[in-house]
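The following exercises ask the reader to work through a structure step by step. Each task is followed by its solution.

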There are 2 protein chains.
Amino acid sequence: MKLYDASVTPNCRRVRIFLAEKGITIPLVAVDLAKLEHKKPEYEAINPVQQVPALELDDGTIITESVAICRYFEEIQPKPSLLGATIMERVEIEMWQRRLELNLFMPVMAVFRHSHPAMAEMESPQIPAWSEANKPRVLSFLKILNEHLRGRYFICAEKFTVADITALVALDFLRPARLTIPEEMIHILRWHREVSERASTKA
Amino acid sequence: MKLYDASVTPNCRRVRIFLAEKGITIPLVAVDLAKLEHKKPEYEAINPVQQVPALELDDGTIITESVAICRYFEEIQPKPSLLGATIMERVEIEMWQRRLELNLFMPVMAVFRHSHPAMAEMESPQIPAWSEANKPRVLSFLKILNEHLRGRYFICAEKFTVADITALVALDFLRPARLTIPEEMIHILRWHREVSERASTKA
């Protein structure tokens, strides 16, 4: 088994943290996005949509999409559960995972990809107006998240889950997107400080 | 149990088709998006991110996000399985579901929301350049999908799954987005014709 990985990519980081929380170690194969290796025929044969990460099983089966890779590992090693151990946990975690992806992770990435000079070649055309349009979306959802985290140690299911991983990776990408968590959002800041202390977040 | 629903919304249609395939009937509560009912305090109390659909259980629990609502019904009524009956089915379906969402469903919606006059109030600001930037993404993924469907009756797992629902809803939204399936994409056209004959697609 091996994982095609690009160290700086948020979706790759989500999978690496997920694996670290499970205590699973697998060989990483570095894909150099700066050299556009993910757009070359060799990688396109692995993933036709030209994205990392991709997991290759020993029988040659390829699994792409970070959430599908996480589900594979949850299925083959259910503990510790990061996608939920009961029906209502699984549903609540999927709901929060989605909310965070659609209202935080993707808007933060849009701000970054459509404004940062380093992305001029990869995100073509860059549309600065689309970057700007996503900034208030990020702020608006941060307000909802801050209120939600008041009195909660983790985002949902009263334990650390994949939703916390998605939120952490998105929030840590505020810096390259040249955004910050407003200092009055004390519940997010407390959550972020505590979750960042987990060893898995260095993965 | 009741489902807050807006008939024309693709994410609501995904859930309605999913329920029809399961043979599940539940009361629908219409949310009038044209009157911006989803942005009023009454609905915000149900879903703070102001989106439909939302499922309210008999004990008052609210489940939002279409994929989380689908997962709830898959969990309480596993047959017919639309999210996968085995580990490798579940992983393959999640992979395709994601690919279709990120590379087809969302780009089609971006083309529509940022170009159609009817969306001027709801999608503010509309960014025509973002609509244009998504058109080649749609076409590029349709090529991959057409090739994938060569010799396949369904998108994955050799049966009808939630991935087929997501693809159908996205493709049926090409028309309001003022796009079409190119006539040379005969495998997509064949698949679309056959899947559209299912009674559930009228839901």
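**Exercise 1.** Determine which strands of chain A helix H3 lies across, and at what angle H3 runs to S4(A).

*Solution.* Helix H3 (residues 66–76) of chain A lies across strand S3 (54–56) and S4 of chain A. H3 runs at about 120° to S4(A). Helices (H or I, at least four residues) and strands (E, at least two) are DSSP runs, numbered from the N terminus. Angles run from 0 to 180 degrees between N-to-C directions, and axes are lines fitted to C-alpha atoms, for helices over the stretch in contact.

The model is predicted: local features need pLDDT of at least 70 and side-chain atom pairs pLDDT 80 or more, whereas totals for chains, interfaces and linings use all residues. Residues are numbered from 1 along each chain as its sequence is written, and chains are lettered from A and ligands numbered from 1 in the order in which they are written.

**Exercise 2.** State the strand order of the sheet in chain A and identify its edge strands.

*Solution.* Step 1: the sheet is open, has 4 strands in the order S2-S1-S3-S4 (chain A), and its pairing is mixed. Two strands pair if DSSP finds at least two bridges between them.
Step 1: strand S2 (28–30) and strand S4 (62–64) of chain A are the edge strands, each pairing on one side only.
Step 2: from one strand to the next, the twist averages 25°.
Step 3: strand S1 (residues 2–5) of chain A runs parallel to S2(A), joined by 3 bridges. Tyr4(A) stands opposite Val29(A) in S2(A).

**Exercise 3.** Describe the overall make-up of chain A and compare its radius of gyration with that of a compact globule.

*Solution.* Step 1: chain A has 7 helices and 4 strands. From the N terminus, its elements follow the order β-α-β-α-β-β-α-α-α-α-α.
Step 1: a compact globule of 203 residues would have a radius of gyration near 17 Å, and chain A agrees, with 17 Å. The radius is taken over C-alpha atoms, and the globule rule is 2.2 Å times the number of residues to the power 0.38.
Step 2: along the principal axes, the C-alpha atoms of chain A fill a box of roughly 45 × 45 × 25 Å.

**Exercise 4.** Explain why H4(B) is described as roughly antiparallel to H5(B), and classify the residues of their contact.

*Solution.* Step 1: H4(B) and H5(B) pack with their axes 8 Å apart, at an angle of about 150°.
Step 1: this angle makes H4(B) roughly antiparallel to H5(B). Angles under 35 degrees count as roughly parallel, over 145 as roughly antiparallel, 65 to 115 as roughly perpendicular and the rest as oblique.
Step 2: the residues of this contact divide into 8 nonpolar, 3 polar and 2 charged. Ala, Val, Leu, Ile, Met, Phe, Trp, Tyr, Cys and Pro count as nonpolar, Asp, Glu, Lys and Arg as charged, and the others, Gly among them, as polar.

Definitions and conventions: Contact = placed C-beta atoms within 7 Å.
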